Amino acid sequence: MPESWVAVSIADLGEVVTGTTPPTRNRAYYDDGDIPFISPGDIEHGTAIVSTQKFITDSGLAVSRALPVGTTCVVCIGSTIGKVGRTTAAASATNQQINAIVPGMGYDPNYLSHLLTYQSNIVLNAASPSPVPILSKGAFEKLVLYTSTNADEQVEIAAILDAVDRKIDLHQKKRKV
């Protein structure tokens, strides 16, 4: 780890938001919705969230916790605890199984997503040892990891990792063909 990196809590990286599910009995929150409603099954670990199984309407978003593009989502309950994805839609929302980090000042959204993906095992290791592992928002916010605070370095690291991800994706597509 570079000497310039510092230990920070997840709460220091930005605003932590736990999702909520609009009541499903109110169809006005869902019918003809076009705003992505993210659940753990919609997240492929370490990638951008480009599609979801469910969508909500503007009124559904109004009773949810809206997330902007570039928010890092972390599954904090269940068998896929620790799975990380990044929002790509202008606005989206998540269910209560996901804690999201809206990047704070000084943190590049792509870098933050890569950082949490790389260090996702801290979420799994901090979860309660039970048949259904869970990590509360408060415990999630207190988790400590090491990071760069240099904006230029963050952008450079994210750009390199994005290039590697694109190359992996290309080779996986070629392999399928």
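Which residues point one way from β7, and which point the other way? Thr72 and Val74 take one side, Cys73 and Val75 the other, and all are buried. Buried means under 20% relative accessible area, exposed over 50%, partly exposed in between (1.4 Å probe, protein chains only). Strands are DSSP runs of E with at least two residues, numbered from the N terminus.

This is a predicted model: local features need pLDDT of at least 70, side-chain atom pairs count only at pLDDT 80 or more, and totals for chains, interfaces and linings use all residues. Residues are numbered from 1 along each chain as its sequence is written, and side-chain values use heavy atoms, leaving out hydrogens and water.

Strand β8 (residues 84–87) is covered on both faces. Val84 and Arg86 are buried on one side, Gly85 and Thr87 on the other.

Two strands pair if DSSP finds at least two bridges between them. The pairings are listed here.

| Strands | Bridges | Sense | Partner residues |
|---|---|---|---|
| β4 (residues 47–49) and β8 | 3 bridges | parallel | threonine 47 and glycine 85 |
| β7 and β10 (residues 98–103) | 4 bridges | antiparallel | threonine 72 and isoleucine 101 |

**The open sheet**

An open sheet has 4 strands in the order β5-β3-β9-β6, with mixed pairing. Its edge strands are β5 (54–56) and β6 (67–68), each pairing on one side only. Strand β3 (residues 35–38) joins β5 through 3 bridges, running antiparallel. There, proline 36 has phenylalanine 55 of β5 as its bridge partner.
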